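Dear colleague,

Please find below the structure I am handing over to you.

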Amino acid sequence: MSIYFDEQNRIFHLTTLHSDYQIKIDMYGYLLHLYYGRRTEQNADTVLTYADRGFSGNPYDADRDRTYSMDVLPQEFPVRGTGDYRSVALSLEDAKGTKGCDFRYVSHKIVKGKYSLKGLPAVYAGESQADTLEIKLRDSVLQVEVTLLYGVLPEIDCITRSVLVENKGGETVTVDKAASACLDFVTGDFDVITFHGRHAMERQYERTRLGHHAVTIGSRRGTSSHQYNPMMILADKEATEDNGRCYAMSFVYSGGFEAGVEKDQMNQTRMLMGLESEQLRYRIKPGKQWIIPEVICTYSDNGFQELSSQLHQCIRYHVCRGQYQLKPRPVLINSWEASYFDIHADNLLTLAKEAAELGMDMLVMDDGWFGKRDDDYSGLGDWYVNEQKIGMPLSKLIEGINKEGLKFGIWFEPEMVNEDSDLYRLHPDWALTIPGRNPVRGRSQLLLDFSRAEVVEYIYGQMKAILDHNAIDYIKWDMNRSICDVYSHEERLSGEVLYDYMLGLYDVLERLHENYPDILIEGCSGGGGRFDAGMLYYTPQIWCSDNTDAINRTRIQYGTSFGYPVSAVGAHVSAVPNHQTGRITSLRTRGVVAMAGAFGYELDLSKLSADDKKEIRQQVERYKELEALIFDGTYYRLSNPFEEAVAAWAMVAKDQSECLFSAVQLQIEGNMPPIFVRLKGLKEHAVYVDEATAKEYSSDVLMEVGIPLPFVMEDYHSEQIRLKLK
Ligand code: GLA
């Protein structure tokens, strides 16, 4: 068992292979956080210190003891109302609008296996791979019970947290702050690493010194967003890729979120992750239960590479599901950058023929095939095939594509509606708008209210009709705007609609997962605007960014790699000049960069020269040969493309028998000093052979000094070297 309760000292130990997490039930029944860090069997209760701190109030039970204050003690689940003035995990309001709560320990349960969450994505694991701790707390005035859920996955050093809030009283209570994970540190001098961005430039790495302030990120957009990823790292200020203590939190949720770190008056640090609170107001009626979505926590004292590796394993093996979780993914050709809205059987069949000749596996028909959809002003919501535009029935088109030996994939944007659509004309009230106000349009479209069962039912029905009558192997589930004008026709609060919207979305995705187990679903939101562990529960890969520029992608994929495995990253080779930046890079470099993900193409193949086609055929072949190593190898970041002249990374087989090294030179100068990239994770004192040139390298030299990159006179030259253990 990875969970142990020391009854005498009333301390819980949650133990993984390399870490330990301790919680104490104190004399007043409060839960205090003692420790999260390197594995130890010893109790850490000596971290608790007591002193009379001015303006830090004391619970009534402490009587004349002014040294006991929730304002300074490290807490496991801080709530608003106990005299803790830091950011809290939970805030409740009673029926009169009075804020305040005070939760005390009631009981606990330790069970084998990992808990699951009704209607929400969550880490899953076999009985032998995880244990669950449930700690029940109660507020005796509101008669609300809170159950803290902990899932411990010892082998991958991950601990998950989620919270059930149950109203056992007679009056409605309202939640206005809800975080599922809180970590309090009594010591430490930290940096915070976050991943900010924008459309077509997601997950940009940023490292900030933490002083006496709060560093808070989040999304108020109703989606996890391009602007901040719901993944955050807290690290010792000296921590590097290979050294130092660091902690990560990753939200298993795809809606608005809030994550923050703050340093308090006693130089203590608190890290929190949960739901976005500016818009959150959720009423829990008597007898009802409500869930705060899950956060994955992980710790390493060996720097960011190990930390990322733990998250990669958690997501690849315990979040992603379905047929394609561990299977090779089809190498696809996507029609978007090839022909945009110009969807026609002639184009698609030509594209399929070319793709088949180049060894690809699947054609994806992107936007433009349904309703009236020749641009992005109309059609969303009308999920029936526009046969007139395509030139034939969908089943016939698929037949033609299948005849070429390709599978067939299709694009949907199910959560959206255009005002110029049959659906909107029929059900204008299904769109999220506020009566009496003009709505904010995004890409000229509105959101369907997915918090309403009939809306979800209708959209699922439309998708089902297409899926049941056509041989579809893949769905690209897109979402191309942020949520606004949140209003309910059913007397519900905006905060309730935002949360229930996610339940509606997850409901459709779960039904697709269950009823169409053979279909691969790729997530997308204008590229990587909803790239999170929540979506990865339903879609094992997500289109990483609408930006297919190989050089920008080195940074986007670098940032993404901190929290997500390579198998989750949709990456395509596109045309040059690149459609997002105008940059020209070689086909080779575009291939090398896209091979750090679930690989595909997105360009008009008929415009390519015979040489390019030959090269693409070789790329596809090479990718297929390497996919197992790319997806299952341990991923190493070998440079920081935000600071260095080279972007470099490697995948090393778990048994160290081989390594795929990739590098893109970002800058070139006259008489350039040689660039050496130090490899990682190879077997020590061994010899590795470059399979292409038969050149032999000593692994120690590769790891201590590095592999020298050749000086090639061209912009953005790249290398991809497969090294095999001799
Ligand atoms: C979004 C996606 C693109 C493409 C278009 C279609 O921007 O990220 O890949 O599917 O929508 O409209």
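**Aromatic contacts and cavities**

In this predicted model, Phe-642 has a relative accessible area of 24%, so the residue counts as partly exposed. Its ring partner is Tyr-205: the ring centres lie 6.4 Å apart and the planes meet at 35 degrees, and the pair is therefore tilted. The two residues belong to distant parts of the chain, 437 residues apart, with Tyr-205 in strand 12 (residues 201-209) and Phe-642 in the loop between strand 30 (634-637) and strand 31 (646-652). Tyr-205 has a relative accessibility of 15%, and because buried means under 20%, Tyr-205 counts as buried.

The structure contains 41 aromatic pairs. One of them, formed by Tyr-30 and Tyr-68, is stacked, at 6.4 Å centre to centre and with 25 degrees between the planes. This pair also links distant parts of the chain, 38 residues apart: Tyr-30 lies in the loop between strand 3 (19-25) and strand 4 (31-38), and Tyr-68 in the loop between strand 4 and strand 5 (90-93). Both Tyr-30 and Tyr-68 are buried.

One aromatic cluster is made up of Phe-251, Tyr-253, Tyr-282, Trp-290, Tyr-499, Tyr-506, Tyr-537 and Tyr-538. Lys-327 places its charged end over the ring of Tyr-324, 4.8 Å from the centre, and Arg-511 lies over the face of Tyr-460, 4.6 Å from the ring centre.

The largest cavity has a volume of about 170 Å³. Its lining comprises 17 residues, and those nearest the centre are Tyr-253, Gly-256, Glu-276, Leu-498 and Tyr-499; of these, Tyr-253 and Tyr-499 also belong to the aromatic cluster. Helix 8 (residues 494-515) contributes the most to this lining, with four residues. By class, the lining of the largest cavity holds eight nonpolar, six polar and three charged residues.

The second largest cavity has a volume of about 130 Å³. It is lined by 15 residues, and His-312, Phe-631, Asp-632, Gly-633 and Lys-654 are the closest to its centre. Helix 1 (303-318), helix 12 (610-632) and strand 30 each give two or more residues to this lining, and helix 1 supplies the largest share, five residues. The lining of the second largest cavity consists of seven nonpolar, five polar and three charged residues. Domain 1 (3-318) and domain 2 (546-563 + 575-596 + 606-726) each provide at least three of the lining residues.

With kind regards

Conventions
Residues are numbered from 1 along each chain as its sequence is written. This is a predicted model: local features need pLDDT of at least 70, side-chain atom pairs count only at pLDDT 80 or more; totals for chains, interfaces and linings use all residues. Side-chain values use heavy atoms; hydrogens and water are left out. Rings of Phe, Tyr and Trp (its six-membered ring) pair if their centres lie within 6.5 Å; planes under 30 degrees apart count as stacked, over 60 as edge-to-face and the rest as tilted. Buried means under 20% relative accessible area, exposed over 50%, partly exposed in between (1.4 Å probe, protein chains only). A charge sits over a ring if NZ of Lys or CZ of Arg is within 6 Å of the ring centre and within 35 degrees of the ring normal. On a 1 Å grid over the protein atoms alone, a cavity is a set of points where a 1.4 Å probe fits but cannot get out, and a pocket is an open set with protein on both sides within 12 Å along at least five of seven lines; lining residues have an atom within 4 Å of a point. Grid points are joined across faces, edges and corners, and a volume is the space filled by probe spheres set on the points. Ala, Val, Leu, Ile, Met, Phe, Trp, Tyr, Cys and Pro count as nonpolar, Asp, Glu, Lys and Arg as charged, and the others, Gly among them, as polar. Domain bounds come from an automatic or database domain assignment.
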